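Here's a quick briefing to read alongside the model. Keep the viewer open and click through as you go.

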Amino acid sequence: MKTLINYYTIMKTQKSMNRVYPMILLLVFTVFLMGCMNNEKTVYDKAEDIPVSQEMIAELTSPPHVPTPVGARKAKKLIVKMEILEEEGEMTDGVKYVYWTFGGTVPGSFIRTRVGDEVEFHLQNHPDNKLPHNIDLHAVTGPGGGAESSFVAPGHEKVFSFKTLNPGLYVYHCATAPVGMHIANGMYGLILVEPEGGLPPVDKEYYIMQGDFYTKGANGERGLQPFDMQKAVDEKADYVVFNGKVGALTGDNAITAKVGETVRLFVGNGGPNLVSSFHVIGEIFDKVHVEGGDMINENVQTTLVPAGGAAIVEFRVDVPGTFILVDHSIFRAFNKGALGMLKVEGEEDTKIYSGEIRDDIYLPEGPGIQSMPTTDEIVESEIPAKSFEEQMEYGKQTYMQTCFACHQAEGQGVPNAFPPLAKSDYLNADVDRAIGVVLHGLTGEITVNGEKYNSVMTRQTLSPDEVANVLTYVYNSWGNSKKVVTKEMVMKVKNQK
Ligand SMILES: [Cu+2]
């Protein structure tokens, strides 16, 4: 506009001011140029030239949360205070592990910066810790990614500073020898460097990081489990998990969204060994920032997250339900822990997903009980319960892993499909019969509390101890007859065949 008006003015005055004309034109052009410079954001050729103004203490968050987006803020001197803590935690029910952490969580606190920030990093090693540590941030351009300047003994704080030059999502980790062991114990996290102006806004953002763990005992073996160096060298993980433990993102810990919202997941992989085939069951990633960089891939089912790497995945949730996050190396998901949940609430959209339309009977091989192929002897990895309390505790775990999907959390069952175990007259009438049901499965018509069921319960692959514990748990819950089932009783039924 400014130029147009000025040009008009020039035209009018042209005749009388012929000699002054070139000068005015020059002036107008200068004014125009200055206007441009004031209104548009300055683009620097090199990120190192971006000036920083003001100081700011960085907001750090524990997973699955992330700090507030940078938005339009200018580059700043960003002060990060990260405390290293060596702490005992729970890998899964009954399994303890001593984690080494950045900020008290696995993965460590999320750091959010923008390109051009000057990050002043304070690495604090808590005086109660036993070991020295350091930090290598993949977002750092400099020797060791900061490791060389940050080696810090317990009870000390090291300070170093770096400028964020490349936008992207980066892993940080401890790099103190033995490096593999420090990483295996949980010393990793993510640092995000947003581009100028920030990432496009979305409705929900979450922080998820995979890691593999190596314990002296096998998966599920109770008690405090020390790190196993040989298994780590052999890459034989006992646990592969999201956010440091089995169940960190399931049940009440699930991440959430509402139908219609856009979700952005900052996904990292600490390793130390395994790469992740990150997938969300029932969703397609609309966009993936491949390897956490600038390249955007669209319409992706599974994205590879390398050990020591990351990806940003984005999608809109269109239908309600529970969407399962997995490492699609699928035994890791269902047997080693790499499983999380995204719970989406809102209106159904049958145009997109119909839900079950019908359930017809289909028994091409006759009504025989279908079962998973198993060897007859199930290996007994379990330590037998020593008391009624332990039987109840272990039994509940088996119930929540095995029976819960059909008979539901409170044993209430599902009408017309799965009979109730709560106050079940069928269950309470005959213990040996109930043991038989769990050992061999059940098919054909039965009546439970006056309701008829005619369905199939597949044989459950449980050890005699587990059968005893789970039935003891069921009999002593939800108004049942409080019987105690022993391994001997199970063996008797088993051998009756
Ligand atoms: Cu360390």
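**Helix crossing near the end of the numbering**

H10 goes past H11 in a right-handed crossing. This is a predicted model, so take the geometry below as computed. The two helices, H10 at residues 464-475 and H11 at residues 487-496, pack at an angle of about 115 degrees, and their axes are 8 Å apart.

- On the H10 side, the contact is made by Pro464, Asp465, Val467 and Ala468.
- H11 brings Lys487, Val490 and Met491 to that contact.
- Sorted by class, the H10–H11 contact has 5 nonpolar and 2 charged residues, and no polar ones.

**The chain as a whole**

- There are 11 helices and 24 strands in the chain.
- Of its 497 residues, 44% count as buried.
- Take the contacts between residues at least 6 apart in sequence: 69% of them join residues at least 24 apart.

**The copper site**

- Which atoms coordinate the copper ion? They are ND1 of His133, SG of Cys174, ND1 of His182 and SD of Met187, at 2.0 to 2.5 Å.
- The 4 donor atoms subtend angles of 88 to 136 degrees around the copper ion, so the arrangement is irregular. For a tetrahedral call, all angles would have to lie between 85 and 135 degrees.
- For reference, the ideal angle for four tetrahedral donors is 109.5 degrees.
- Along the sequence, the donor residues of the copper ion follow the spacing H-x40-C-x7-H-x4-M.
- The pair His133 and Cys174 links distant parts of the chain, 41 residues apart. His133 is in the loop between strand S6 (118-125) and strand S7 (136-137), while Cys174 is in the loop between strand S9 (168-173) and helix H4 (179-184).
- Both His133 and Cys174 are buried.

**Helix H9 and what covers it**

- H9 runs over residues 431-440 and is mostly covered, with 7 of its 10 residues buried.
- Those buried residues are Val431, Ala434, Ile435, Gly436, Val437, Val438 and Leu439.
- What do the buried residues of H9 pack against? Their partners are H8, strand S23 (442-448), strand S24 (451-457), H10 and H11.

- Phe418 sits in the loop between helix H7 (388-407) and helix H8 (425-429).
- With a relative accessible area of 28%, Phe418 is partly exposed.
- Setting aside residues up to four places away in sequence, Phe418 touches Cys406, Gly413 and Tyr453.
- Phe418 and His407 are 11 residues apart along the chain, and their C-alpha atoms are separated by 6.0 Å.
- Glu445 belongs to strand S23. Apart from neighbours within four places in sequence, Glu445 is in contact with Lys452, Tyr453 and Asn454.
- The C-alpha atoms of Glu445 and Ser455 are separated by 7.2 Å, with the two residues 10 apart along the chain.

- The peptide bond from Pro63 to Pro64 is cis, with omega near 5 degrees. Pro64 is in the loop between strand S2 (60-61) and strand S3 (77-92).
- Val106 and Pro107 are also joined by a cis peptide bond, where omega is about -5 degrees. Pro107 is in the loop between strand S4 (95-102) and strand S5 (110-114).
- Glu235 has a phi near 60 degrees, a positive value in a residue other than glycine. You'll find Glu235 in the loop between helix H5 (229-234) and strand S13 (239-242).
- Is Glu235 buried or partly exposed? Glu235 is partly exposed, with a relative accessible area of 45%.
- Asn243 is not a glycine either, yet its phi is positive, at about 50 degrees. Asn243 lies in the loop between S13 and strand S14 (255-258).
- With a relative accessible area of 7%, Asn243 is buried.

How values were computed:
Residues are numbered from 1 along each chain as its sequence is written. This is a predicted model: local features need pLDDT of at least 70, side-chain atom pairs count only at pLDDT 80 or more; totals for chains, interfaces and linings use all residues. Side-chain values use heavy atoms; hydrogens and water are left out. Axes are lines fitted to C-alpha atoms, for helices over the stretch in contact, and angles run from 0 to 180 degrees between N-to-C directions. Helices (H or I, at least four residues) and strands (E, at least two) are DSSP runs, numbered from the N terminus. A crossing is left-handed if the near helix is turned anticlockwise from the far one by less than a right angle, and right-handed if clockwise. Contact means heavy atoms within 4.5 Å. Ala, Val, Leu, Ile, Met, Phe, Trp, Tyr, Cys and Pro count as nonpolar, Asp, Glu, Lys and Arg as charged, and the others, Gly among them, as polar. Donors are N, O and S atoms within 2.8 Å of the metal (3.2 Å for Na, K and Ca); water is not among the atoms, so sites may look incomplete. Four donors count as tetrahedral if all angles lie between 85 and 135 degrees; four count as square planar and six as octahedral if opposite donors are over 155 degrees apart and all others between 65 and 115; anything else is irregular. Buried means under 20% relative accessible area, exposed over 50%, partly exposed in between (1.4 Å probe, protein chains only).
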